[in-house]
Amino acid sequence: MHDFAYARDRMIEAHVARRGIRDPELLQALREVPREAFVEPGFEEFAYEDSPLTIGEGQTISQPYIVALMIDKAEIEPGDAVLEIGTGSGYAAAVMSRLAEHVYTVERYRSLGEQARHRFKRLGFDNIAVRIGDGTKGWPEAAPFDAILVAAGGPSVPRALKEQLDLGGHLIIPVGSEGEQRLIRVTRTSATTFEEEDLGGVRFVPLIGEQGWHEPGHVARPRERSLPELIAEAAEPLPALDDLDFGRLFDRFASRRAVLLGEASHGTSEFYQARAAITRRLIERHGFNIVAVEADWPDAAAVDRYVRDRPGKLLEAPFRRFPTWMWRNKEVSDFIGWLREHNQNIFDAGKRAGFYGLDIYNMSGSIAAVLAYLDEADPQAAEVARQRYGCLTPWQNEPSTYGRAVLTEGHGECEKAVVAQCRDLLARQLDRSLRDGEELFDAAQNARLIASAERYYRIMYYGGSQSWNLRDTHMFETLEQLLKARGRGSKAVVWAHNSHIGDARQTDMGTARDEINIGQLCRQRFGNEAALIGFGTHEGEVAAADDWDGEMQVKTVRPALDGSYEQLMHEAGPERFLLDMPRHPLVEQRLLEPRLERFIGVIYRPETERLSHYMYASLPRQFDAFVWFDRTNPVAPLLPEHVQEGAPETYPFGL
């Protein structure tokens, strides 16, 4: 059940008031109108995101900020008569009806006009009149109007609308072609004179009518290059994945402290192969010494022992829990084999590149790792730790049930205990770092994980953004600890999903759901020393499940939706390329407007793809660069024949 009242307040604060619109009457009007009642059925949960939504007939409901901006600039007052051209869903007219005495609205499409009329009646907005017709002619019988707002872009300001504007009234209208519209405010200063003010660039559907564009072929000017054509010109072709030169184009990011490499799904082979090739280049040529992945710390630690040839034995083969294919796959195994071979040629063990997990989920493995270390290093401390972790052990194998347990009496002290254990281990790290080195750092990080995981599983049952934010904050803090522990000059490559490494503030995650992520935190902490690189695809196949803990399946990825970033990349043409957006300002500018972007995790539900796997984002603000593969294939789950011939017993993926 969605809390639309909360979402409405969040929209007003984040997308309207924070961007400079402060009129209390307008903000109150926005609170009084349920925007979810003006979108298509099934899209209610997206009603309060700051993006346009389709409403049929090729039309859209404008993003909330644009609606508020136009109304604010119209300076509507009580007692005013307002004319709106382009009723659409009826949302803007409903908001204006809370400010003006009467609203007249004209819609070109009968189906939309009738639908809006029914909405007004059902919701009790009885001071709105709807007409079906040519909006460029206005509504002369009801003129003059104190304000006129036009929700479509014309080649110029229609003469009829200017004539129907009262003295001192404001006319707000987008003017220009679809690609180059400016929002203009026209103020009538006398019977024959008008002043114009440019309010900035916008994008609206075309204003069709006698005094607007003519249909078909309403753009009566030489054809400008399409956005896919501009993308094709800016795209830098990438060689085949097995070409040793694949990573060369990414040398431009070599001076960064952290290079974050994304993926649009957790089960796509090309994403893993590309990240491996880029990472090999950054390690070999540019001194990167940390590979930090969206995986559990204890499991990744087993891999790190292997690739850096660290002493100690494996407690068990890593990455055995769902989703096993995410890291137990041939693509990762090949990279791990290369990393071990690379490190064996480095005599100074402290300079070898490590493999680390950032994630929070494997609380059971982390507890085992902490206890194993203390059993050997300090048996008395191990006993204390067992007592402290006692309140968690009943839920180690199914930690999500801990959220229920903490609501019962007797578990209120558990968080204090695990935090105390974390504090003790951190103190040991400071006191004994020269003696215990890597092993103590590993145990201390596991203790941090347990403290974070306890809070994570406790709050996940309360919903909202808290559990996501705690998880990504933990992952970012782990990355910081790694950079610090590996010494001055250390540099990290991060492998994680696009939803983690793209700046959350530039997506629905941040604007609509108050979520943060590693990419945002890296930008805030490291500034230009962090590079966020997203990955995408149009179609193909992916390894994914229907539900959490479900069996892996090879699923067909549907072609990208119309209006999405993925569709633009597909229409550009090249099979695979790097798009370095800051190097191409025109492309960057044209891509800024939020569009749909696809996100597939370990779950893929193509039957509900729009609602399950797309959200709005501003790609150039979300990422610094974007890697494109037009058609992709699933990862290869690790099978016995993939295990390296002659691999030592320490090989982490022993089968």
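**Close-up views of a predicted model**

**View 1. Helix α7 passes helix α20 in a right-handed crossing.** A crossing is right-handed if the near helix is turned clockwise from the far one by less than a right angle, and left-handed if anticlockwise. The axes of α7 (residues 227-234) and α20 (residues 565-572) come within 8 Å and cross at roughly 65 degrees, which makes α7 roughly perpendicular to α20 (65 to 115 degrees). Axes are lines fitted to C-alpha atoms, for helices over the stretch in contact, with angles from 0 to 180 degrees between N-to-C directions. Leu227, Pro228, Ile231 and Ala232 of α7 meet Leu568, Met569, Glu571 and Ala572 of α20; contact means heavy atoms within 4.5 Å. Helices (H or I, at least four residues) and strands (E, at least two) are DSSP runs numbered from the N terminus.

The model is predicted: local features need pLDDT of at least 70, side-chain atom pairs count only at pLDDT 80 or more, and totals for chains, interfaces and linings use all residues. Residues are numbered from 1 along each chain as its sequence is written, and side-chain values use heavy atoms, leaving out hydrogens and water.

**View 2. Ring pairs link Tyr272, Phe319, Trp327, Phe335, Trp338 and Trp495 into a cluster.** The structure holds 17 aromatic pairs, defined for rings of Phe, Tyr and Trp (its six-membered ring) with centres within 6.5 Å; planes under 30 degrees apart count as stacked, over 60 as edge-to-face and the rest as tilted. Tyr272 and Trp327 pair edge-to-face, at 6.0 Å centre to centre and 75 degrees between the planes. Tyr272 belongs to helix α8 (residues 269-286) and Trp327 to the loop between α9 (297-307) and α10 (330-344), so this pair ties together parts 55 residues apart in sequence. Both Tyr272 and Trp327 are buried (under 20% relative accessible area, with exposed over 50% and partly exposed in between; 1.4 Å probe, protein chains only). Phe335 and Trp495 form a tilted pair, 5.1 Å centre to centre with 45 degrees between the planes. Because Phe335 lies in helix α10 and Trp495 in strand β14 (residues 492-495), the pair ties together parts 160 residues apart in sequence.

**View 3. Arg275 lies over the face of Tyr272, at 4.9 Å from the ring centre.** A charge sits over a ring if NZ of Lys or CZ of Arg is within 6 Å of the ring centre and within 35 degrees of the ring normal. The charged end of Lys162 sits over the ring of Phe194, 4.7 Å from its centre.

**View 4. Arg621 is placed in helix α23 (residues 619-622).** Arg621 is partly exposed, at 42% relative accessible area. Not counting residues up to four places away in sequence, Arg621 touches Asp503, Gln506, Arg523 and Leu592.

Key: Angles under 35 degrees count as roughly parallel, over 145 as roughly antiparallel, 65 to 115 as roughly perpendicular and the rest as oblique.
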